[in-house]
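Here is a short report on the fold, surface and some local features of one chain. Please read it alongside the structure.

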Amino acid sequence: MTWEDNPENPQLAVPAPPWQMSGTMAMGIFRLTRPPEVPAPLRRVTPRHIAVVVIRYRTGTLSYDEFVIGLPVRHGPQVGICVTSIWVNDQTSLQGGRRLWGLPKQPARFAWTRNGVEITDRAGDLASICTSPGRLSTPPISLEILSFNAPDRAVTRTTSRLHAPWTAARLQADHWSPLLPPLSQGTTRFAAVANPFTLTINGPERLDQ
């Protein structure tokens with residue numbers, strides 16, 4: 001039996017925020033066949049789009065891989081991401097995400113290739129993502145990223161700071177499980193790769209309604 005078979009471990013110590021890590025990531029915006037559900041009181045920014053991110057955290061607080069599906073959302077005047085599904089291959093990251101940020105982290109396995117990654121969980125194949133970087137790149141840019149969570153309508157906000165050069169890319173979902181939000185197209189050119197990046201994830205703040 002591995003930790004993926006029984007990921008709960010109340011005795012496992014997790015690092016306190018902020019978490020500071022570096023590595024590589026690819027992200028893209030995909031269109032869905034139907035509007036996704038948005039947890040109240042957050043509001044949808046775009047009618048049928050999700051953000052898909054695959055990350056390799058190589059150094060820092062923890063080293064692990066991550067597959068994220070999130071919705072662009074609004075809370076008052078602020079715009080950010082609401083993570084609806086997330087998978088990792090590290091038990092400490094899983095427990096820390098659940099306990100500290102209330103994220104629905106689940107265990108998965110990641111098989112990286114030269115151009116992408118195949119992700120599987122206990123139910124089988126989740127996704128196979130292929131990344132094709134282009135030629136257009138930026139110098140290193142520092143960004144502040146907001147993420148929102150709304151368990152039982154109690155909104156929390158997490159502020160992260162990301163520093164990276166970006167390269168325009170194409171992301172293609174060669175496989176996409178029917179258990180995931182249904183994509184209208186398996187390819188997006190609204191995508192980018194950050195290699196390398198540094199990321200600081202602060203602790204969550206509880207917001208008033």
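Where does P18 lie? P18 sits in the segment before strand 1. A cis peptide bond joins P17 and P18, with omega about 5 degrees.

This is a predicted model, in which local features need pLDDT of at least 70, side-chain atom pairs count only at pLDDT 80 or more, and totals for chains, interfaces and linings use all residues. Numbering runs from 1 along each chain as its sequence is written, and side-chain values use heavy atoms, with hydrogens and water left out.

**Overall fold**

The chain has one helix and 14 strands. Both are DSSP runs numbered from the N terminus: helices are H or I with at least four residues, strands are E with at least two. The radius of gyration is 16 Å, close to the 17 Å that the globule rule gives for 209 residues, so the chain is as compact as a globular protein of that length. That radius is taken over C-alpha atoms, and the rule is 2.2 Å times the number of residues to the power 0.38. Along the principal axes, the C-alpha atoms fill a box of roughly 45 × 45 × 35 Å.

Of the contacts with a separation of 6 or more, 65% are between residues 24 or more positions apart. Contact means heavy atoms within 4.5 Å.

**Burial and surface**

Buried residues make up 44% of the 209 residues. Buried means under 20% relative accessible area, exposed over 50%, and partly exposed in between (1.4 Å probe, protein chains only). The accessible surface comes to about 10800 Å², and 51% of this belongs to carbon and sulfur atoms. These areas come from the Shrake-Rupley method with a 1.4 Å probe; for residues, only the protein chains shown count as cover.

| Residue | Relative accessibility | Class |
|---|---|---|
| C82 | 2% | buried |
| C130 | 22% | partly exposed |

A search of the whole structure finds zero disulfides. A disulfide is a pair of cysteine sulfur atoms within 2.5 Å.

**The loop between strands 1 and 2**

V38 is in the loop between strand 1 (19–31) and strand 2 (43–44). Leaving out residues up to four places away in sequence, V38 touches R43, R44, L71 and V73. V38 and R153 are 115 residues apart in sequence, yet 11 Å apart in space, C-alpha to C-alpha.

P41 is also in the loop between strand 1 and strand 2. The peptide bond from A40 to P41 is cis, with omega near 5 degrees. Most peptide bonds are trans.
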